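Here are some notes to read alongside the model.

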Amino acid sequence: MKVTLVFVAEPERVGFPLWTAPLTTPLLASCLTAAGHEVDLLDTRLSEAPLAEELAATSGDVVAISFMSHSRDEAFEVAELCRADGRITIGGGAHPTVLPGELVDSGLFDHVVRGEGERTLPGLVTDIEAGRRPDESVLQGEPFDLLDYPPLRDYPVYQDVYCPPAAVPASRAAGLTGLTVEALGELTRRDDGLVDVDTLRGLPAEHFPATREFRSIYLELGRGCPFRCLYCTIQNDWFAPKAGRARPFEDVVAEVHYFVERYDTNYIVLVDSIAPAYPGFVRFAEFMKTELPDVEFSFNCTATHFTPTVAEALAGANCLVWFGFETASPTLLRALRKPGSARTQYRAAKLCAEHGIRFGANLLLGVPGETTEDYEMTMEFLTETRPHSPNPNILTPLPGTDMYSHCLERGLLRDPGDYRSWTAEQVRTKGHGPLFGVDYEQVLSYHAQMLRLDRTGEVVHVERGCHLKPHA
Ligand code: B12
Ligand code: SF4
């Protein structure tokens, strides 16, 4: 059967919608193809034409839509357009998993899959093709055996993300090369205002000063997180099994080699909730250090999983560790049900310093009840440990989490049906944030103080989305 898989998400940066192809839809597509179905992929962030036109150009009789909560409205629009065209719609991903009833009530989705889709989606499509539509509209996804992880195929979405345009606007070329628009005009002699990328490639290296080009991929080593942090969607049992599952090490290595050879990948984002929980993590670190030293990788970790053995394995690796510290206040850490303690956080930061490992700190601001004392403890921690990237986020409670229920029960949610993530800029512009009873002036002040401690610039000037010299 023909299936269109649509990934609905927000642009990753203004002016540059996407610099890493998602893993979700290519993986599901590979499973559908293995089951004998024909698949095309659409990522709404890459759409140049209006949505209706982009969708009309796809061929699936079934349209399977993947989305997170903050993209609900756009995903519903996609479903509505497909329904109007007489196509069967299936919803899946984080939002359909936490609020399947919302999709059913909208009347826009024929089926909703909760949790993992690798087995259930191909099974459902096969049933639809055979005229055996299940009676229930919500299906619990069957957990995937990671030993069956298929090789990812070479979908056009990769070409769209990793291959350069033939020409770029002169203003963008000027921003990248440091040359004036006039100078570029003389170089390229085109009359449509665009500059040939080939011409840019021919420029001497000094025109691409310390910029660094990212060709990144998402990669999974395994799945599973045993914790239930109050604000995190992963706390839910129907999202994915909590027990750890691991991919065979050989499969992981083969996938990395494939992308490095095919697309010159130079940055790997491990999407595991806690990468060092992967039994072969030390081996993976050794592999990256010895075989692909120029390929950087980043991964998520809790302070408790960052043991001396992990730190030793990472010494000298081209990597960035992301810790979900959120705060350094012991009271708040307990309230948020975070694994570990302020003490383990200091220990993890010390191990990084001792082994020369760069780390980022995810931080949460605007938690109901957060006091000045709590903020000050976090500031003291940051000032003392100096993460390379402090990453402050303003709490926007996610549906389906205990944090959301807690705020809803207490009447703290300004708009319970609005799932969009709030940025500092939006809070500043609107003069308020997602919650009542939170002092957002204080939140903005600490947000700015945390950003001032950023050290990324000391390491390398990062120009994301500079896909001008990629693999042809
Ligand atoms: C990698 C990641 C990112 C990456 C990449 C996201 C991307 N565009 O691919 C980055 C860093 C950019 C990111 C950003 C954000 N993320 Co994020 N991210 C993740 C993470 C860690 C892994 C996702 C992943 O790729 N998993 C591997 C793939 C294979 O699995 P999957 O996507 O879960 O899909 C499986 C099932 O969900 C299901 N499925 C998915 N789609 C479909 C569709 C159909 C039809 C079917 C049947 C099944 C199905 O089957 C898949 C295979 O089993 C998850 C947490 C986690 N551990 O899952 C959070 C997570 C998805 N992110 C989350 C959030 C909130 C965000 C942000 C909004 C954060 C923010 N405030 O900015 C942004 C939004 C980004 C955007 N551009 O729109 C939340 C979503 C919660 C929610 N209720 O929606 C999660 C669950 C984190 C959490 N702890 O709560 N994220
Ligand atoms: S450790 Fe990370 S992934 Fe696990 S529940 Fe806590 S925040 Fe979520």
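**Notes on packing, domains and ligand shells**

1. Let's start with two helices: α8 (residues 170–177) and α9 (residues 181–188) pack with their axes 9 Å apart at an angle of about 105°. That angle makes α8 roughly perpendicular to α9, a label covering 65 to 115 degrees. Axes here are lines fitted to C-alpha atoms, over the stretch in contact for helices, with angles running from 0 to 180 degrees between N-to-C directions. Helices are DSSP runs (H or I, at least four residues) and strands likewise (E, at least two), numbered from the N terminus.

2. A word on provenance: this is a predicted model, in which local features need pLDDT of at least 70 and side-chain atom pairs count only at pLDDT 80 or more, while totals for chains, interfaces and linings use all residues. Residues are numbered from 1 along each chain as its sequence is written, and chains are lettered from A and ligands numbered from 1 in the order in which they are written.

3. Which residues join α8 to α9? From α8 come Ala 170, Ser 171, Ala 173 and Ala 174, which meet Val 181, Leu 184 and Gly 185 of α9; contact means C-beta atoms, placed from the backbone, within 7 Å. This contact has five nonpolar, two polar and no charged residues. Ala, Val, Leu, Ile, Met, Phe, Trp, Tyr, Cys and Pro count as nonpolar, Asp, Glu, Lys and Arg as charged, and the others, Gly among them, as polar.

4. Another helix pair is α1 and α6 (residues 120–129), whose axes come within 9 Å and cross at roughly 45°. The two are therefore oblique to each other. Leu 28, Cys 31 and Leu 32 of α1 meet Leu 121, Pro 122 and Val 125 of α6, and the contact holds six nonpolar, no polar and no charged residues.

5. The domain assignment, automatic or from a database, gives domain 1 (2–159), domain 2 (163–207) and domain 3 (216–459).

6. How many residues surround ligand 1? There are 37, the closest being Ser 66, Met 68, Gly 92, Gly 117 and Thr 233; a residue is near if its C-beta atom, placed from the backbone, lies within 6 Å. Domain 1 and domain 3 each give at least three residues to this shell. α1 (24–34), β3 (62–67), β4 (88–92) and α4 (94–98) each supply at least two. By class, the shell has 20 nonpolar, 12 polar and five charged residues.

7. Around ligand 2, the residues include Cys 225, Cys 229, Cys 232 and Arg 228. Its shell divides into six nonpolar, four polar and one charged.

Conventions. Parallel < 35°, antiparallel > 145°, perpendicular 65-115°, else oblique. Contact = placed C-beta atoms within 7 Å.
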